[in-house]
Amino acid sequence: MTLDELLADGAPPVCAILRGIKPEEALDVSAALVEAGIRILEVPFNSPEPLKSIAAMQAAFGDVALIGGGTVLSVEAVEQLHQAGGRIMVTPNTNPDVIRRGAELGLELLPGFMTPSEAFAAIGAGAKRIKLFPAARLGAAYVKAVKDVLPKHVGVWAVGGTGADTIGEWLAGGCEGIGVGGALYKPGDDAAIVGQRGRDLVAAWKATRG
């Protein structure tokens, strides 16, 4: 399953960022999000035992959701993610070596950028989607300005300060999707609460479609 296929099938363009999740929580929280309609799930590498969570989530939900890792900072981490069965690789920065290795392993790539120079470095290393981070401090107008010079096939995602209340603004500004962290999940949150936030987020996305 690719991200293109997932979005073409009508999945919301939302990546759930489960920073700080523990392996014993991962399946319940993932199940609640998948039931809510969210199909892209990321466990940042600075979470407790992230590879264990990713492997369990992939085994349980890999047929219906795109599971992977975030805050991937090294080539070694890329390889660990691949070995754990992860399918999407998210980074907070632009490291061409990391991006190239992810591309070589066939991972879906969502590297972080802030400047046009970083955006073009990520694209040159093999990314066809890039993630503006931290997005809230720059705003949707910044996305529009950057997209004016990017290749038309490159999708921009917004991460950092995003949520149900701003998804319409980001999509209207030209983003393909958003990643949502603290507005969706904080360490220790109950799966039922996360599921309700997921439903609210999906409803907000549907409202943007008219």
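Q: Let me start with a detail. Which residue in S9 does Ala-158 stand opposite?
A: The residue opposite Ala-158 is Ile-178 of S9. Please keep in mind that this is a predicted model.

Q: And which strand pairs with S9 there, and in which sense, parallel or antiparallel?
A: Strand S8, residues 155-159, pairs with strand S9, residues 177-180, in the parallel sense. Three bridges connect the two.

Q: What about S1, how does it pair with S9?
A: Strand S1, residues 14-17, pairs with S9 in the parallel sense, again over three bridges. Val-14 has Ile-178 in S9 as its bridge partner, and Ala-16 has Val-180 in S9.

Q: How does S1 pair with S2?
A: S1 and S2 form a parallel pair over three bridges. Within that pairing, Ile-17 stands opposite Glu-42 in S2.

Q: So what is the strand order in the whole sheet?
A: Nine strands make up an open sheet, and their order is S5-S4-S3-S2-S1-S9-S8-S7-S6 with parallel pairing. Strand S5 (108-110) and strand S6 (112-113) are at the edges; each has a single partner strand, so one side of each has no neighbour in the sheet.

Q: How many helices does the chain have?
A: The chain has nine helices, along with nine strands.

Q: Back to S1 for a moment. Are its residues buried or exposed?
A: Val-14 and Ala-16 point one way from S1, Cys-15 and Ile-17 point the other way, and all are buried. S9 is likewise covered on both faces. Gly-177 and Gly-179 are on one side of S9, with Ile-178 and Val-180 on the other, and all are buried.

Q: You mentioned Cys-15. How many disulfides are there?
A: The count is zero disulfides. For Cys-15, the nearest cysteine sulfur belongs to Cys-175 and is 14 Å away.

Q: Changing topic, how much space is in the largest pocket?
A: The largest pocket holds about 220 Å³ of space.

Q: Which residues lie nearest its centre?
A: Of the 18 residues that line the largest pocket, those nearest its centre are Ile-17, Arg-19, Phe-133, Val-159 and Gly-181. By class, the lining consists of eight nonpolar, seven polar and three charged residues.

Q: Which residues other than glycine have a positive phi?
A: Glu-49 is one of them, with phi near 45°. Glu-49 is in the loop between strand S2 (40-44) and helix H3 (50-61). Thr-71 also has a positive phi, about 50°. As background, most residues other than glycine have a negative phi, and most peptide bonds are trans.

Q: Where does Thr-71 lie?
A: Thr-71 is in the loop between strand S3 (66-70) and helix H4 (75-83). Thr-71 counts as buried because its relative accessibility is 16%, which is under the 20% cut-off.

Q: Now Arg-197. Where is its place?
A: Arg-197 is in helix H9, which spans residues 191-208. With 27% relative accessibility, Arg-197 counts as partly exposed. Arg-197 and Gly-163 are 34 residues apart in sequence, and their C-alpha atoms are 9.5 Å apart in space.

Methods:
Residues numbered from 1 in each chain as written. Predicted model: local features only at pLDDT ≥ 70, side-chain atom pairs only at ≥ 80, totals over all residues. Heavy atoms only, no water. 1 Å grid on protein atoms, 1.4 Å probe; cavity = no way out; pocket = protein on both sides within 12 Å on 5 of 7 lines; lining within 4 Å. Points joined across faces, edges and corners; volume = space filled by probe spheres on them. Nonpolar A, V, L, I, M, F, W, Y, C, P; charged D, E, K, R; others polar. Disulfide = S-S within 2.5 Å. Pairing = 2+ DSSP bridges. Helix = DSSP H or I, 4+ residues; strand = E, 2+ residues; numbered from the N terminus. Buried < 20%, exposed > 50% of the residue type's maximum accessible area, 1.4 Å probe, protein only.
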